[in-house]
Structures are given as structure tokens and as C-alpha cells.
Amino acid sequence: MSPSADRPVRVRIAPSPTGDPHVGTAYIALFNLVFARQQGGTFVLRIEDTDQSRARADSEQMIYDALRWVGLSWDEGPDVGGPFGPYRQSERKDIYRQHADLLLARGEAYRCFCTADRLAQVRAEQQARKASFLGYDRHCRGLDRAEADRRSAEGEVHVVRLAAPLDGKVVVEDRLRGTVEFDVHQIDDQVLLKSDGMPTYHLANVVDDHLMEITHVIRAEEWISSTPKHVLLYKAFGWQEPAWHHMPLLRNVDKSKISKRKNPVSINYYRDAGFLPHALLNFLALMGWSFGDDREKFTLDEMVGAFSWDKVSLGGPVFDLDKLTWLNEKYVHDLSYEQLVDALLGWRLSRQHLIKVMPLVRERIKRLDEFVPLTEYFFSGDLDYTAVAGELSVPDVAPAGVAQGLLALVEKLEAREGWDAKVLEEEGRAWATELGWKTKHAFMLLRLVVTARKASPPLFDTMAVLGKEVTRRRLRQAAELLARKA
RNA sequence: GGCCCCAUAGUCUAGCGGUCUAGGACGUCGCCCUCUCACGGCGAAAACAAGGGUUCAAGUCCCUUUGGGGUCACCA
């Protein structure tokens, strides 16, 4: 019965390198790793980079660094290799194509020549008449196969879609939630191969999981509604399904799915804000899992020893920074003085970081004793704006407008790859222009937000050294403060 | 809106039919310790979403409602 009883346990995480390393990735990675370790299994890291338009050059490395920083490591992956490689989906294009061809040959899939415009029209029409089902209308499903193959051979742009069954139910056996049934009428003919030849998540995920002999899929709850599509794919291929486990989603304070707009979400933020990696990891474990007794502080090894699925709770846990801070305090207090010193030296007091700060302050100090008071904001997380609250403003702009402006800058910086003084200045100037704010005023505002002082080293150099996460957090915090005032 | 998931205090959770006048933790408040602050110690307020069943017995099982969330892409 168990799809894995006879096979060695293999699990995976499959992050997509589209941005900053996400706490949710670490969260899911933790549960995968713990389960693998407990079962004497293997934990695989696979990079899902099939969307060229969203891929970011530095993102993949940041994922590795961030996961290692929290203390998670994998047995197989693009950077460490392994017998089931390549572990980067962009390097497996041929494999997906072959599998799509296989499905095509079996009549389990078909070519679709519909244009993006037509698809958009269909969707708009469905929405307009408030159709209960939104999805592809199977326009190309009836096409003659030989004819479709000919058009394809002639180079006509098209995608490959799964020919989902027209009737019946798809059953997902979730090990955390039990049997979940989906009516097949809710599932449309999912695209498997995009017109650029890259697979969609659905195809790549199923093909890779099978080829990499993944026995247990442990992923976030947001995937549960696409699981029937995956089940259908396993059936179409005639493969054995993995055991499904859908973990609850981390939440913002308002209970929505955790997002960078409402909560620091990058692992790098937690690092830069002075959280200890083991504390973060321990905290993530607490989000959805409990030790069994009242223990809240425990190591990875202890968790591995005590882990079981029935101690996972399914309500979406709110990521509570206060409780994380409390846990972090426990970890800090458990360090010896020497260890704490090392922790600091590995953090913002590292030689590496101080060397970045120095060009900004050397000209501004006359004696060494001035360094610490002058540079405090380089070593802080959140700032206290009470002393400058009155000056946190732009002439003739209401506080709410200033808040909005700050958030607009956050969005702007988000959209731009790279974080150095040059990029920041470009974006900063464009931002001020767009808002119609004099740079003098706009930049003083930013200076106050970022340093809580009226005098500082050059603004954009300061932001560059501060780093993306801390800067972003301060912009948001200040915006929130101003919005409250309004 | 269709489908799906979820439901114990503001938050994270224990509870797997009787031992629950519901336990722990964060946060909040009070007291103690104390040269200050912090730590620490002690204590307080604070929850089984609602309504129906099943049962001798329901926070625990079932149904409905309500609420929250997710998802409906050539993104993952």
C-alpha cells in the first residue's frame, strides 16, 4: 500500500531561483531533511529554473548560502553532485521533451496552437459570464494528430497539453490530511511543455521526482490543488506515485500566506538583523510541529529523534517575530562569552563588513573613540525614530503620501537586480522625479529613514553597505510609522 | 465565484471520548530580586467559532453554518 515501503526514502526541495532566499524554503527544507535523516534517507536539492524570464543570476547561490547558514545541508544537488543529476532543470530540457513526446505518442497529451490572445479571450469571456470553471476550453484537443504533428514539424509555435480525463474523480492520498477528492471537471488540460520548449512545473516536477526516485513529496499546502494534475501525470506515464505531504503555509500577522509586503521573508534579513541560525531553524520547527512534551528549544538532532507526522498541526502558523526574538534570546544566553564574541565577529563586526564601513567614516572621525557612536546604525536592526519623528517628512506632502512614496521605492528597488550605490542612486533619482519631490527633500527623508540622523555618509553608499534587507525593513518600518501618524 | 484545505486565548501549541473546573510558551499586566537596566523567580487576565447530531459521557467523532486560507497561468 505504502508507495515507499519497499524503496529507500528520498525527498527533495525544489526552490526556484527567482529572488531572495525565502524562509518558506528553509521551512519546507527543514521538514524534508528531518524526515530523510530519521528514515536514513536522502535529501535532494533540485533547482527549478524553467522560467527564464524570472530567473535571477545570483539567486541560486544565495539559496545555497542561506540554507547552509541556517544549518541545512543536502546529500545531492547541483553544487554537490549525485547519481541522479543534472539537478538543475534547465539542464534537463531533453529529458522533458522526450517524456512529452512519449505522452504525445500515447495520446495522453496533445499539441495546442492557441495563441496567448485567444487564451486571454477565453478567460475573459469565462470571467465575464462568471463561469464556475475557469480554464482552457480544449479547443485544440480534437485536432487530427497527424495534422498537428505536421504543423509542429513546420515550426508552428505551440505548447503540449495533458489530455486529462473527461470524467471521474482524481484521488489524492495526503498523509497529513487523508483522502482528498477532486472532480476531474475542475482540472483543465494543463500545459506540459511551453512554446519555448521548456517544461512547466507540472511536467518537470513529476518527471524529475520519478527519475530521481523521490518517495515522499513534502511541500507547502499551496500545491495541494495542483496535486491531482500530478497524479494524472503519474497515471499517464504509468508510474508509481510518491507519498504526498502538504505542510501548512507560514502566515503573515493577518493570516494570509507569508509575503514580503507584510513580513520580512528573506533568510538574509534574519541573518543581518542578528538572529542566530539555530534559533531561526528551531523556530521554524515550532511552526507546525511540536516536540510532544512542552519542549520548545531543541536541536536539529533532537527533532530528528522525536519527529513524527502526527505531531504536525495543520493550521497555518503566524510567523511571530516576537516569539522568534524570545527564542533567539535563549540561544544568545546559552553561548559562552567567547562564543558570543565569535558570533559578533562573524556578523556585522566581521573584518569584511568593517572594511566596507570604513571608507564611509574615516574622513568623518578625528579619533578612534568617535567610531562607535558615529556608526551605530550600521550595526542595528530597526531604528528608533522618536528623536527625528518630526522631520520624517516631505514639504507639502501628507504623512500618508510620504509613506506611500517610501513603499513605492521599496517596490522599485525590488524590481531591480543588483544592490550597489550606483543602482541605488539611479533608482533613487528616478523615484524622486516620479513623485515630483525635490531630491534635496527626498534624499533627506531617506537619510532619516535609513540612519535616523540628519547627517550621514553619502546616502546611497550607506544603503549599499547596510544591505538590501535591512534597508528595505527600515523603509517599511518608517512607512508604517508615518501611516499610523496619518 | 468554482474547487480544495484549515479551525483550542492576540500569537505558537498540548489535548488523539471520561483523568479538562482545558496544560505549556510568546506577548500583556502585577509582584519579588536589585545601585540602574536586563536576566531570573512568582502570580494574574486571556481560548475549545456557532448550531445540530452520535454517545452513559464530546475540546476530542459526524453533519451544517460561520470564519480564515490556498488555488484556478506557456510562474513555480
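Mentor: Before we start, a residue is near a molecule or strand if one of its heavy atoms lies within 4 Å of it. This is a predicted model, where local features need pLDDT of at least 70, side-chain atom pairs count only at pLDDT 80 or more, and totals for chains, interfaces and linings use all residues. Residues are numbered from 1 along each chain as its sequence is written, chains are lettered from A and ligands numbered from 1 in the order in which they are written, and side-chain values use heavy atoms, with hydrogens and water left out.

Trainee: OK, how many residues surround RNA strand B?

Mentor: The closest ones are Glu 48, Arg 177, Lys 194, Ser 195 and Glu 296. Counting everything around RNA strand B, you get 50 residues.

Trainee: Of the atoms of RNA strand B within 4 Å of the protein, what percentage belong to sugar or phosphate?

Mentor: Some of those atoms belong to bases, and they make up the rest. The sugar or phosphate part is 79%.

Trainee: Which residue puts a polar side-chain atom 3.0 Å from a base nitrogen of RNA strand B?

Mentor: Let's go through some polar contacts (pairs of N or O atoms within 3.5 Å). A backbone N or O atom of Gly 288 sits 2.9 Å from a phosphate oxygen, and a side-chain N or O atom of Ser 225 is 3.2 Å from a sugar or linking oxygen. For the base nitrogen, the residue is Lys 323.

Trainee: And which element gives the largest share of the surface near RNA strand B?

Mentor: Helices here are DSSP runs of H or I with at least four residues, strands are runs of E with at least two, and both are numbered from the N terminus. Elements that give two or more residues include helix 4 (116–128) and strand 6 (178–183). The largest share, 6 residues, comes from helix 11.

Trainee: How many residues of strand 9 are buried?

Mentor: Buried means under 20% relative accessible area, using a 1.4 Å probe and protein chains only. Ala 243, His 245 and Met 247 are buried on one side, and Trp 244 and His 246 on the other. That makes strand 9 mostly covered, with the buried count at 5 of its 5 residues.

Technical notes
Polar contact = N/O pair within 3.5 Å; in protein donor to acceptor, adjacent residues only side chain to side chain. Buried < 20%, exposed > 50% of the residue type's maximum accessible area, 1.4 Å probe, protein only.
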